Amino acid sequence: MRFKDRVAVITGSGQGIGRAYALEFARQGAKVVVVDLNEENAKAVAAEIQAEGFPALAVGTDIAEGASVSAMVARTVEEFGGIDILVNNAAIFATLKMKPFEEITLGEWNLVQSVNSTGTFLCCQAVAPIMRAAGYGRIVNVSSSVVMTGRANYAHYVASKGAVWALTHALATELGTDGITVNAVSPHGIVTEVPRETITEDQWDSILADQALKRRGEVSDMVGAVLFLASDDSKYMTGQTLGLDAGLRYT
Ligand SMILES: NC(=O)c1ccc[n+]([C@@H]2O[C@H](COP(=O)([O-])OP(=O)(O)OC[C@H]3O[C@@H](n4cnc5c(N)ncnc54)[C@H](O)[C@@H]3O)[C@@H](O)[C@H]2O)c1
């Protein structure tokens with residue numbers, strides 16, 4: 001119960017890896033806010049948590065819209081009285097169409113940046129006053145190994161996650177004065193319950209060839225590191241990005 005009395009906002013937790021974070025935070029004592037653009041999914045995950053006997057709130061939110069993020073934060077404070085932990089997990093990811101750089105339209109580019117990087121920025125900005133007032137906060141951003149590999153046909157996504165990586169450094173510097181840590185994880189190759197068009201079986205073979213650990217990742221491979229960064233076990237760490245990548249070679 002290391003998160004007893006902590007309030008944890010997990011964006012994009014209506015499915016996939018975010019759902020796994022939400023469930024484990026709840027099991028370890030946190031009051032969990034399940035935030036997702038897909039409100040039905042958010043409600044389903046909150047109901048799962050409540051069915052296990054833990055408190056949870058579902059808030060349908062578009063993290064790319066400042067007003068929507070502000071409303072989510074206000075609803076959270078009204079329900080649970082504060083925000084101690086923010087996990088910026090939401091992204092346009094499983095639904096993203098891969099395509100050569102020259103074929104990415106400005107609209108597609110802007111949409112991916114607006115959710116993946118601007119959405120992360122907006123959520124950090126909205127919780128910062130609450131965390132500063134409390135003199136405590138844990139922000140965990142979700143970047144990606146593709147920032148280092150520069151994965152082909154993914155330029156919009158790679159750039160958006162590079163911004164998240166860089167924002168982590170910048171906010172760690174600015175928020176550290178008020179006892180707030182800002183760290184990130186860079187996952188790689190995680191299989192979830194959600195089908196994806198972005199990895200074919202052939203690509204999986206070459207991905208595994210580049211990993212030290214020769215297996216596909218699963219959501220449980222992410223949870224421990226993210227909860228570590230959200231806990232007091234990492235209280236002297238900030239501005240770091242942990243590679244959750246099975247020892248992926250980056251050259
Ligand atoms: N699965 C992997 O291999 C992998 C690898 C590297 C990084 N990541 C990152 O990990 C995170 C979770 O990955 P996943 O596989 O569970 O992804 P996913 O696409 O299954 O889930 C993303 C969630 O974010 C939500 N979302 C999308 N746009 C939103 C918006 N505007 N506002 C609020 N919510 C929104 C979606 O509804 C969805 O529930 C993402 O940030 C992804 O980029 C995943």
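**How two helices cross**

Tutor: Helix H1 passes helix H8 in a right-handed crossing, where right-handed is the term for a near helix turned clockwise from the far one by less than a right angle, and left-handed for one turned anticlockwise. The model is predicted, with local features requiring pLDDT of at least 70 and side-chain atom pairs counting only at pLDDT 80 or more, while totals for chains, interfaces and linings use all residues. Residues are numbered from 1 along each chain as its sequence is written, and side-chain values use heavy atoms, with hydrogens and water left out.

H1 covers residues 16-27 and H8 covers residues 220-229; such helices are DSSP runs of H or I with at least four residues, numbered from the N terminus. Their axes lie 9 Å apart, and the packing angle is about 55 degrees. Here the axes are lines fitted to C-alpha atoms over the stretch in contact, and angles run from 0 to 180 degrees between N-to-C directions. That angle makes H1 oblique to H8, since angles under 35 degrees count as roughly parallel, over 145 as roughly antiparallel, 65 to 115 as roughly perpendicular and the rest as oblique.

On the H1 side, the contact (heavy atoms within 4.5 Å) is made by Ile17, Ala20, Tyr21, Glu24 and Phe25. H8 contributes Met222, Val223, Val226 and Leu227. By class, this contact of H1 with H8 has eight nonpolar residues, one charged residue and no polar residues. Ala, Val, Leu, Ile, Met, Phe, Trp, Tyr, Cys and Pro count as nonpolar, Asp, Glu, Lys and Arg as charged, and the others, Gly among them, as polar.

For a second pair, the axes of H4 (residues 106-134) and H6 (residues 155-175) come within 8 Å and cross at roughly 20 degrees. H4 and H6 are therefore roughly parallel to each other.
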